[in-house]
Structures are given as C-alpha cells and as structure tokens.
Amino acid sequence: MYTKESLAVVWLKRDLRLQDNEAIQNAIKTGKRVLILFVFEEFLIKDPHYDKRHWDFIKESIHDMNQHLIPYNSKVLAVNSELAATINQLQQFYNIRDLFSHQETGLLCTYHRDLKIKRYCHNNLITWTESVWNGVLRGIKNRKGWVSKWKTYMEAPQVQFHPKNQLLTIHEIEELEKQFSATNLTTSEHNLIQKGGITEALKYQNAFFKEKYLNPKKEKDTINTESCSRLSPYLAWGNLSTRQVWQSAKAIRPLSKNKKDLDAFTARLKWQAHFIQKFEMEHTMEESSINKGYQMLKKNISQKYQIAWEQGQTGVPMIDASMRCMNATGYLNFRMRAMIVSFFTHLLWQPWQDCAVYLSKMFIDFEPGIHFAQVQMQAGETGVNTLRIYNPIKNGHELDANADFIREWVPELAHLQTKHIHEPYLMTPLEQGIYNLKLGTDYPLPIIDLKANRKRASKILWEMKNDAMVMEENDRILKKHTTNDSFHHAV
Ligand SMILES: Cc1cc2nc3c(=O)[nH]c(=O)nc-3n(C[C@H](O)[C@H](O)[C@H](O)COP(=O)(O)OP(=O)(O)OC[C@H]3O[C@@H](n4cnc5c(N)ncnc54)[C@H](O)[C@@H]3O)c2cc1C
C-alpha cells in the first residue's frame, strides 16, 4: 500500500526570513522533510487595517526568500487560501502531523483565527508548536523579571538555518502550486515605499550603522530621517529578527564613534518588545482606551475633518505635508506620527480609533502591538503618560525651519517665502496677490480654530486626569505594565 511521506510544515507569519527563525529550525529538527508556507488569507486582505502596500511588501519578502532558497533547491509555497483548507489539501499528498510558527501578537481577528487553528489541529491530530516572537512572552500577568528575560533572549545565540536536504524541492513545490490557487508574487511599482526582503533589510541596517555609528558624517539629515534607521518595516514583518539587529548593533559598539546614540538605538529596540508585550497582555487596546476612565469620553465624528486630515487638506502646512508624505512613502518619523495623531484627536477632537485604522493602512511598518499603544498615548488616553498637545505651527518652525519639507509635499506653497509658508492664512489679500495664491481655492484655509480647539482639548483632558476612575485605572496599569528596568521605567 502507498504510504504518504510525513512532512513538517512551517507557517510563516511576521517572520519572513530564514536565519534566526525558530519555527523553521524546529521543523528541521523533526528530521522530516519541510515545507515553508505562506497563506495570503482573504479575511486579512479585506481587513481595514491592511492595504495593498503591505501585501506587496510581503510578496517582495517571499520573492527575496526564494532567491536565498535557490542554493537549497527550494522555495516558499505561497497560496491564496486559509490555513486549515491548505493543510487539508496538502494531506492528499503528504501526511502532516507537525505545524510550526511563531506566536502572533496581532489583531483580534488573527487571535480568533488562531483559536480556530488550535481546534483544527487538535481535531486532526496535528501538533502545533509556536515559538516566542522577539522576546514577547505569552501568559504573563505582570512585568516582574521581564527585562532580564528579554535581555537573555536577545543575548542568546541566533538560530542558524542549516536544512539537510530536507526542504521540498522547487519541482515538488511547483507541482503543488498547480493544485492550489498559488499567489502571483508580482508587485506594483511603489517607487517611494520601502521594498520588502532580507536583502533590502540588510542594506538598510548596514548603511545606517556605517553612516551613524562607524563613520558618521557631518551632513545635515532631512527632517523625516534624522537618526532613523528605517528598519521598522523589516522588524515588523520579520525580515530581520530584533535579536539579529540587536546583536549586530552590539557587535559594532567597540568600533563606534557614536556610542551614546548607538545605545539609544538599542534601547528603542527594547521599546518595540515592551509595547508589543503590553498589547499581548491587554488586547482590548485595539478598540478601547487602555484606561477605562477615558472610555466615557465621547467625541462627535466629523467626516469632513477626517477626510481633510487623511488627504492633507487641513490648511495647516506641517500637518498636510506630513499626511501627504506618509500616504506616498508609508513612513513618518516618531515625532511627526505623534503630531498628526495629536492634531486628529486633540485639535480636530476626533476618536483615536478612527485615526488608528487609517494610519495602520498607511504605515508600511504597521505593527499592532506598537501602533495601538502609541496612538492612545499620543491621544492622551492612557492616564499614565505625559499629556502632550502638539502645536503644529511651532513644530513646523522648529523641525522645518527652511520649510524644505513643506515645499516638497505641499507644492502649491513651494513658491512662498519662508516667513509665510508655515502660516499662509496670515497673508493679506495683497500678499496673496503678489504670490498668486488664492487661499480657500489654491490651498485651504485652516479647517479649525487652532488656538480655541487646543484650549478645549487641554481643559477637558487635564480635568479628566483627576477623575476617580481614571486614577484607579492608572494604578492598575502601573501595576500590570511597569517594567523594573534600570534604563527607563517604561509604562
Ligand atoms: C502614533 C504612532 C504610531 C506608531 N506606529 C508604529 C507601528 O505601527 N510600527 C512601528 O514599528 N512603530 C510605530 N511607531 C513607533 C515609531 O514611530 C517607529 O517605530 C519609528 O518611527 C520607526 O522608524 P525607525 O525604524 O527609523 O526607528 P528607529 O528610531 O531607528 O528605531 C529602531 C526600531 O526601534 C523600534 N522603535 C523605535 N521607536 C519606537 C517607539 N516609540 N515605540 C516602540 N518601538 C519603537 C522600532 O522597531 C524601530 O524600527 C509609532 C509611533 C507613533 C507615535
């Protein structure tokens, strides 16, 4: 009788790499032959937090993994389907009892999907082994000892990729592709958005280390890239593990001419895990304020405001430049992300949930764990963090003194003198005539009264800080999420 060959399946999620990939390593350790699988799941493609730009980034990452798999005569099987349906179909040809992946700290819909997969595996006698993702721990109740565990994880040797002729061959995978709705890995041209893949990730990492820490130049950075590695999409989609980046940074430290900044960079890598850990332990943050006291804050939704903000048509140049830059490139630095959220939630007085969804679609590095916590923090709805209501005009003068950034992204203002460009609405009709710019027609007048709205937000939010429930929740949050970190007490 014909017996089907046993196969170990690796289910790739946000770990699109070969090196330091524990799921792949565990599959190889079974001694069975191994199939590396990515499933483009329809429910996630349709989810409002995701955009075509993310699926293209994933396709580019898989394409790049395939290049790295050529010496092993293998490739990733990429299909448009659901995981359970894919495994059922694979069972026609192979005997599958072992599934490997990383733990996912994702959206509520992926959590429910994982519960379904757990039941499916149980019912079909499949053992599903999930590895720890970047030091984020499952099932812990508070942060006692968390920092040292994270550090131990970061310092542990990387998992090496050494398959011993175990990977399914390209020919075998091509035969399987005929049985499935195989994904076409061709992507559209997004000239301004970072491309996915291990190769690109290493290019960014090595160039950043060289320019910032090994051989720093005196050149002035542009406003949106200052001290930024631009590694966030590669970390979010796992083209590099945080451990790989952390260990590379530590390895160059003895040679670095800029050790203080390098240490600040590795500290930010810890924030990544810190925030994702917070989300892992408090998943309701996707939809509700972590501090339940703020759930009573009701804001009226204005479609007009939200659309103007999304399209970069608010009449406030620094906000409009930031929004248009993000829409086109998928990226903004931390300060500008904070500023656009503050503008939306404080000055336009709109619910943070609405901007969280739009921004997740636009950020190529969308990482649920960091994203929802940061949006809530900038919206001033955690209670435990400092309340900051950004003044976009002041920030414009400070960060973009010559207005190069505004000129690049708001070309209708590019010809104005710098003294007018941050606040074009202060121009007299005569000045508008001189510059041939009709406010309200060529560029919008501000959609709100900046000063009055700032005052309203400040008053309401400062008063709420003293609310009994907000304060009670502060205690709960501090007990649950404060790290005993000597470097900084993160909440
Ligand atoms: C409203 C808002 C939403 C955000 N959403 C995301 C998101 O979806 N995905 C995401 O990766 N980052 C998010 N951030 C955090 C931060 O802005 C980005 O990580 C950073 O700008 C990415 O650029 P970089 O890789 O050049 O960062 P670098 O400064 O070079 O930092 C290196 C890495 O450290 C981590 N990191 C840096 N800053 C933070 C931070 N404040 N919190 C947590 N981790 C950090 C990131 O993984 C980053 O790639 C958000 C910040 C705000 C204010």
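Strand S1 (residues 5–11) is joined to strand S4 by six bridges, and the two run parallel. Strands here are DSSP runs of E, at least two residues long, helices are runs of H or I of at least four, and both are numbered from the N terminus. Two strands pair if DSSP finds at least two bridges between them.

Before going on, a word on what we are looking at. This is a predicted model, where local features need pLDDT of at least 70, side-chain atom pairs count only at pLDDT 80 or more, and totals for chains, interfaces and linings use all residues. Residues are numbered from 1 along each chain as its sequence is written.

Back to S4. Strand S5 (residues 127–131) also runs parallel to S4, with five bridges between them. From S4 the chain passes through helix H5 (residues 108–123) to S5, in a right-handed β-α-β crossover. Right-handed means that, with the strands pointing away from the viewer, the path from the first strand over the helix to the second runs clockwise.

S4 covers residues 94–102, and it is largely enclosed by the rest of the structure because seven of its nine residues are buried. Buried means 20 or more other C-beta atoms within 10 Å of the residue's own, exposed means 12 or fewer, and partly exposed is in between, with C-beta atoms placed from the backbone.

Take Ser101, which lies in S4. Is Ser101 buried or exposed? Ser101 has 25 C-beta neighbours inside 10 Å, so it counts as buried. Leaving out residues up to four places away in sequence, Ser101 touches Trp11, Lys13, Ala23 and Glu130; contact means C-beta atoms, placed from the backbone, within 7 Å.

Next, the domains. The chain is divided into domain 1 (5–159 + 168–177), domain 2 (198–280) and domain 3 (292–481), with bounds from an automatic or database domain assignment. The C-alpha centres of domains 1 and 3 lie 37 Å apart. Between these two, 12 residues of domain 1 are in contact with 12 of domain 3.

Last, the ligand. Which residues are closest to the ligand? They are Cys228, Ser229, Ser232, His371 and Gln374, out of 27 that surround it; the cut-off is a C-beta atom, placed from the backbone, within 6 Å. Domain 2 and domain 3 each give at least three residues to this shell. Helix H11 (259–281) is among the helices that supply at least two residues, and H11 gives the most, with six.
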